Amino acid sequence: MGGSAKFLFPTSTSPLPLSQPLPPNPSTPSQPDQTIGEFGEQALLTQLQKFSPAEITGDDAAVFDLPNSDSLVISTDMLVENVHFSEQTTSAFDVGWRGAAANLSDLAAMGATPTGITVALALPPSTPLAWILEVYKGLTACLEPWQTPILGGDVSRSPLKTISITVLGQVPQGKALYRHQAKVGDWIIATGDHGASRAGLECLLHPHKTEHLPPEQKLIWQTAHQRPQPRLDLVPSPLSLETSIGAMDSSDGLADAVLQICRASQVGAELWAEKLPIPQGLTDWVGLETAREWTLYGGEDFELILAIPPLEAQKWLTAIASLDLPPNRSPRVIGQIMAGTEVCLISANGTKKKLSLEQGFQHF
């Protein structure tokens, strides 16, 4: 049995400083139409090594000695062709960007800052080399604002393009955010609009249905889908609060995040229909019912859902206001944690609609 190709791991036992700049993007080979089957495994690895700092290559595993005051945080996400991306909606660059964003968002949900990622690729031999290099450029572009290097990875043959990313991060001990920390009375806060990614996907899949929309509006929604921004800009701001916080990212949908937090904390919740973070212009386009559906269940917005006691939440929201965030990226209160286990959407007229995990996206 042939083994898979491990590569790019550091030999140092010291962590890479987060202030170290990322290497420049390597140039594309002179034969852009060449496939990786023609290029060869070792030559491919040589190209991919250029995306990592040269001084950390060569061994079988990454070793990080974190200070005693920090905890190591690790998360893994996978992107599969025709499940998470397709040629119609996602360029190779955007595949890389979305893969990095998904993992960075998981760290943000834990209150952690990133240290590095590893990347595993499973690819058909007919995959163009240029496609792979564009994926890595997208990864690098998303990671660069957070000074997060690509530390290593793995390569294997597969009938479908598949990318698995593991992210390493750190958080001060005792300061991690968890789903199970929500308490009755907590305000539920969404850190930004939800439903924009779903709207962007619709624009990309059915461009003939969106010809009447303002070009700038379509661009905002499509960018939300193709190049989401993980909310590391709000980390470690919640850590300054003198209370435990229930938290989860909303990559699988706003409703899913609230339901998962409530399940882990053994509480219920009310979401206020009139306070849902619906993107500007979405209701005018698809109507209120569909806009609410996309906001609750659309997914892939990569915002955070937080459960914070009211007094602490007010302090935090006041501090966040000084950051002068755009309206679509600004935290807002959308509901409250309740006793019991029921999670409902409450309209101003008192109409109650129960929310459930089954209404959102399920892989199986």
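Let's begin with a trio of tryptophans: W221, W285 and W294 are joined into a cluster by ring pairs. Keep in mind as you look around that this is a predicted model.

By the ring-centre rule, with centres within 6.5 Å, the count of aromatic pairs is four. One of them brings together F51 and Y136, and because their planes stand at 55°, with the centres 5.2 Å apart, the pair is tilted. Where do F51 and Y136 lie? F51 belongs to the loop between α2 (41–49) and β2 (70–80), while Y136 is part of helix α4 (residues 129–143), so the pair ties together parts that are 85 residues apart in sequence. F51 is buried, at a relative accessible area of 4%, and Y136 is buried too, at 0%.

| Pair | Centre to centre | Angle between planes | Type |
|---|---|---|---|
| F51 and Y136 | 5.2 Å | 55° | tilted |

From its first C-alpha to its last, α4 reaches 21 Å with its 15 residues, close to the 21 Å expected at 1.5 Å a residue. Of those 15 residues, 12 are buried, so α4 is largely enclosed by the rest of the structure. Among the buried ones are W131, Y136, K137 and C142. W131 also has a charged neighbour: K161 lies over the face of its ring, 5.0 Å from the ring centre.

Conventions:
Residues numbered from 1 in each chain as written. Predicted model: local features only at pLDDT ≥ 70, side-chain atom pairs only at ≥ 80, totals over all residues. Heavy atoms only, no water. Phe/Tyr/Trp six-rings, centres within 6.5 Å; stacked < 30°, edge-to-face > 60°. Helix = DSSP H or I, 4+ residues; strand = E, 2+ residues; numbered from the N terminus. Buried < 20%, exposed > 50% of the residue type's maximum accessible area, 1.4 Å probe, protein only. Lys NZ or Arg CZ within 6 Å of the ring centre and 35° of its normal. Expected span 1.5 Å × (residues − 1).
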